[in-house]
Amino acid sequence: MRSAVRSVGWAFGLRRITVLGLGQTGRALVSALAPAEVSLFLSEKRRLSPEERRFLHGHGVRWEEGGHSEQALDADLLVPSPGVSSHAPVLQEARAQGLLIWSEIELAFRLARPKVLIAVTGTNGKSTTTELVGAILAAGGLAPVVAGNIGRPAISTVDEVAGRPWVLEVSSYQLEWTFAFRPTVAVWLNFAPDHLDHHRTLGAYFAAKARILARQTADDTAVLPPELLARVAVRGRGVDYTQAVLPAGWGEGLPAHLGDDLRAAWAAACAAFPELSARPPSYREIQPALRQPHRLEPVGEYRGIPFVDDSKGTNAHATAAALRAVAGPVVLILGGRHKGGGYEALAPLLRDKARHCVLIGESQRYFAALLDGWGVPYELARDPLDALRRAYQVAKPGDTVLLSPACASFDQFRDYAHRGEAFRRAFAQLSAGDVPSVP
């Protein structure tokens, strides 16, 4: 069977494609498109590593680095990686010239032939809900393919997904350049201020998220909370997932945010496959999907104080959910690359639950000014080990040391997972007991 991705040239009348950015998605695009009968060009703003140059050379792909030149615009289609801002001059110029710009999920969607597409977005809870939908369908014997922002880029699964359910986590960055993208079931979990550094305004961020619904028809389903159902026009069937009735024995004792994720996943799975509601799968097979790495993940206990890794809490909305989920007072490790706003929602929670804050990363002064105004005590830390030492020294019995930074990690780490692993290594050093106390 001919690969759908290799047919991209004749399917859309394309001879030249430029990929912008060589992150995880850029690499997947290069791997998928290099064998196609098109001229492929990679343009990267930063300098490439020797390994990245070898990767491109091995795929026979031309490239430029250290900036986007006019060469990048010599194309029939531009596919920007999610990290490339829509305000980047190269995209502004491409738009001015009338060039075609599709995101990676737009391209994958146009090529793939899944049995059904369930797409999940939201400010928080996307990964957990996406995994839960996949787990429910898998337990129901439906053999889904789970991909997107959660790890495997959608373009890598185009051939694999033929005739199977396709469950995609999609971010606002990926939705920005979609035009035909049409999920059979669209799940929009929640909306709160985030990524204002990328989208610039809350309205632009909302508009990007709303694109998940833009091409749905009367045959499709939108799974939303009531506050979003009241704000958007749904063309197909609208489902309020907060009212979803879970099968007996599901979700007992879950924190509120995980209960919401489970209800949304169940509502989406049943919307796509109504037969599941008559014969729900075993909850035991679903439960592992509720435990996501770096999302309220216990790290260990040191002299009676529990340490929890919530490095995936990259915005105020996620950190607020983490603070609500942890019982008792918290020493909160906060900071990184801030999102430009939305932190006011943390003020009452911090006054109520935070015994102390330890500030990390490039946003220390930003948060120091906020915490001064809110009357929340804090101190600054140099690195993960220093942060844990300082947090431990102010913690009291019954407290939890919580890493939930409410910020992106890119000022000091590759991503949130790298940040979480760095704090885990620091905890191992701290708990080994050979760390000097804070001066």
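**Helices and sheets up close**

Visitor: At roughly what angle do the axes of helix α17 (residues 384-394) and helix α18 (residues 416-431) cross?
Guide: Helices (H or I, at least four residues) and strands (E, at least two) are DSSP runs, numbered from the N terminus. Axes are lines fitted to C-alpha atoms, for helices over the stretch in contact, and angles run from 0 to 180 degrees between N-to-C directions. The axes of α17 and α18 come within 8 Å, and they cross at roughly 55°.

Visitor: What kind of model are we looking at?
Guide: Residues are numbered from 1 along each chain as its sequence is written, and side-chain values use heavy atoms, leaving out hydrogens and water. Local features need pLDDT of at least 70, side-chain atom pairs count only at pLDDT 80 or more, and totals for chains, interfaces and linings use all residues, this being a predicted model.

Visitor: In which sense does α17 pass α18, left-handed or right-handed?
Guide: Picture the near helix turned from the far one by less than a right angle: anticlockwise gives a left-handed crossing, clockwise a right-handed one. For α17 passing α18, the crossing is right-handed.

Visitor: How many residues of the contact of α17 with α18 are nonpolar?
Guide: Contact means heavy atoms within 4.5 Å, and here it involves residues including Leu-388 and Tyr-392 of α17 with Phe-423 and Phe-427 of α18. Ala, Val, Leu, Ile, Met, Phe, Trp, Tyr, Cys and Pro count as nonpolar, Asp, Glu, Lys and Arg as charged, and the others, Gly among them, as polar. Besides one polar and one charged residue, the nonpolar ones come to ten.

Visitor: Are α2 and α3 roughly parallel or oblique to each other?
Guide: Helix α2 (residues 24-33) and helix α3 (residues 50-58) have axes 11 Å apart and pack at an angle of about 25°. That angle therefore makes the pair roughly parallel.

Visitor: How many charged residues does the contact of α2 with α3 have?
Guide: Arg-27, Val-30 and Ser-31 in α2 meet Glu-51, Glu-52, Phe-55 and Leu-56 in α3. Three of these contact residues are nonpolar and one is polar, while the charged ones number three.

Visitor: What is the bridge partner of Gly-148 in β8?
Guide: β7 and strand β8 (residues 165-169) run parallel, joined by four bridges. In β8, the partner of Gly-148 is Glu-169.

Visitor: Which strands are at the edges of the five-stranded sheet?
Guide: Its order is β3-β2-β1-β4-β5, an open sheet with parallel pairing. The strands that pair on one side only are β3 (62-64) and β5 (100-101).

Visitor: What is the bridge partner of Leu-77 in β5?
Guide: Strand β4 (residues 77-80) pairs with β5 in the parallel sense, over two bridges. Across in β5, the partner of Leu-77 is Leu-100.

Visitor: What is the radius of gyration of the protein chain?
Guide: The chain's secondary structure comes to 18 helices and 17 strands. The radius of gyration is taken over C-alpha atoms, and the globule rule is 2.2 Å times the number of residues to the power 0.38. That rule gives 22 Å for 439 residues, so the chain is as compact as a globular protein of that length, its own value being close at 23 Å.

Technical notes. Two strands pair if DSSP finds at least two bridges between them. Angles under 35 degrees count as roughly parallel, over 145 as roughly antiparallel, 65 to 115 as roughly perpendicular and the rest as oblique.
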